[in-house]
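Thank you all for coming; please have a look at the model on the screen, and then I will walk you through it region by region.

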Amino acid sequence: MGAFAVAPPCLAESFHEAIQSAWDRDPANQSFAVDAKASARNARAAQSWFPDGPIVAGQYLDDHFIGSNLGYTTYQGSISVPLWLPGQGTATMRTALADEAVAKARIKVQHLLSAVRVLDLASNATLLQKKIGNLRATSALLNRVAQSSHQGLRAGEIAAADFDAVIGEQGDIDAQIAQSEQALESARAELEALTGTDDIPDILSLDGRILGNQTLTLDPSQDPRIQMAQAVSKSAKASYALARHSYMPAPQVGVQVVKQGQFGSPWDTQVGVQFSMALPSEARNTPMIMKEVKAMGAAERDAVLAQRQVTTEYRRTRASLGSALSMMRHTNSARQALDARAQDLEHAWSVGETPVIEYLRARRAALDAGQRSAEADVIWHAAMIRMSLMAGRYP
């Protein structure tokens with residue numbers, strides 16, 4: 001058995017199934033879908049002839065309430081409707097459509113973030129599994145050396161210091177195993193919260209073919225986060241245009257009927273047109289417009305920051321993929337060489353040709369090389385999958 005033979009992990013769920021389960025369980029999924037539907041209905045409602053419902057008013061006047069004997073009674077009723085200001089209806093519809101675009105963009109962004117979160121947890125858990133496997137293999141080898149050291153100590157063939165060094169090294173390895181198992185359990189708990197199961201998604205079964213088959217084009221301008229920032233900027237501009245077209249409250253026009261009852265009066269009923277309009281006011285309009293101006297400025301700022309952040313992330317991901325592949329080539333050869341050296345030194349120690357400290361140092365070096373090799377393996381798989389996700393593909 002090789003020093004770093006790792007038991008195959010129990011990966012019962014594919015990565016695609018994991019990210020789909022996480023997305024189905026994500027509460028933001030339903031929330032943003034509701035936002036999109038609501039904005040679409042708002043856009044359809046903006047096509048109405050009137051910006052609001054009709055207004056009905058009525059009055060009743062009677063001089064008997066003040067003790068008069070003239071018998072004068074008045075009935076008055078009116079119905080009126082508000083009118084769109086020029087361009088206000090179109091601006092309202094465009095604002096609603098812009099809000100719908102923002103909601104749909106947020107759905108794509110949340111989908112990406114959900115998949116990336118699953119990828120990060122799966123990568124961390126997979127690396128911990130590999131680390132635990134390497135540590136357990138090393139612990140088993142050190143346990144064999146500890147037994148031999150104990151027999152040598154009892155026979156007086158080795159010093160107590162050498163025996164203590166072996167026991168101390170094994171104790172440190174076992175402590176690392178316990179710590180890594182606790183971290184792995186935490187990662188499983190987070191995976192279960194996201195996907196509904198604590199099975200670790202299998203990311204190592206995915207290879208470079210997913211990049212070649214999908215013909216990926218990493219264009220930062222097509223990233224959902226940048227598209228959402230642009231949608232938010234367009235929504236802010238649409239809200240500003242609506243504020244500019246809402247320079248005063250909507251005017252109202254309607255019909256009014258007045259019926260007057262008085263002794264001896266032949267003209268007791270009147271019908272007419274009613275019109276009311278509030279004049280524009282700077283005290284009302286300026287704060288409303290400036291609020292939208294500030295929103296546009298914030299949206300443009302966020303769009304620039306998103307562009308910078310995504311561009312940096314794309315470059316970092318490409319570099320991570322390239323460096324991980326280079327690391328794999330070097331760490332695999334280093335791991336094999338250091339593992340062979342540790343085995344040679346173990347044999348040399350067993351026949352008394354080298355001190356146990358030299359063997360322990362060689363075994364620690366081989367362990368570190370194995371960990372670096374496992375890390376490089378996980379990193380290049382994670383970088384490859386992240387590139388696929390950022391290109392809009394969910395492997």
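What you see is a predicted model, in which local features need pLDDT of at least 70 and side-chain atom pairs count only at pLDDT 80 or more, while totals for chains, interfaces and linings use all residues. Residues are numbered from 1 along each chain as its sequence is written, and side-chain values use heavy atoms, with hydrogens and water left out.

I would like to start with the interior. The word buried stands for under 20% relative accessible area, exposed for over 50%, and partly exposed for what lies in between, with a 1.4 Å probe and protein chains only. A nonpolar core is then a set of buried Ala, Val, Leu, Ile, Met, Phe, Trp, Tyr and Cys residues that are joined through side-chain atoms within 4.5 Å. The largest such core here has 24 residues, and those with the most contacts inside it are Phe15, Leu119, Ile203, Ile385 and Leu389. Two or more residues each are given to this core by helix H1 (15-25), helix H3 (88-154), H7 and helix H8 (356-390), and the largest share, 9 residues, comes from H8.

Leaving aside its neighbours within four places in sequence, Leu119 is in contact with Phe15, Ile203, Ala382, Ile385, Arg386 and Leu389. There is also a second, separate core of 17 residues, which includes Val145, Ala146, Trp349 and Val356.

Next, the charged pairs. A salt bridge is a side-chain nitrogen of Lys or Arg within 4 Å of a carboxyl oxygen of Asp or Glu, and by this rule the count comes to 14 salt bridges. In one of them Arg117 pairs with Glu190, with the closest N and O atoms 2.2 Å apart; this pair links distant parts of the chain, for Arg117 is in helix H3 and Glu190 is in helix H4 (residues 160-195), 73 residues apart. Arg117 is partly exposed because its relative accessibility is 37%, and Glu190, also listed at 37%, is partly exposed too.

Another salt bridge joins Arg144 and Glu346, whose closest N and O atoms are 2.7 Å apart. Arg144 lies in helix H3 and Glu346 in helix H7, so this pair ties together parts that are 202 residues apart in sequence.

Arg301, which has its place in helix H7 (residues 282-350), forms a salt bridge with Asp302, and here the closest N and O atoms are 3.1 Å apart. Arg301 is partly exposed at 48%, and Asp302 is partly exposed at 36%. Salt bridges that share partners also join Asp120, Asp223, Arg225, Glu313 and Arg386 into one network.

Please keep Arg386 in mind, a residue found in helix H8. With a relative accessibility of 19%, Arg386 counts as buried, and, leaving aside neighbours within four places in sequence, Arg386 is in contact with Val116, Leu119, Asp120, Glu313 and Thr317.

Arg386 also brings us to a pocket. On a 1 Å grid over the protein atoms alone, a pocket is an open set of points where a 1.4 Å probe fits, with protein on both sides within 12 Å along at least five of seven lines, and lining residues have an atom within 4 Å of a point. Of the 14 residues that line the second largest pocket, the closest to its centre are Ser320, Ile379, Ala382, Ala383 and Arg386. H3, H7 and H8 each give two or more residues to this lining, and H8 gives the most, with 6 residues.

Terms used
Helices (H or I, at least four residues) and strands (E, at least two) are DSSP runs, numbered from the N terminus. Contact means heavy atoms within 4.5 Å.
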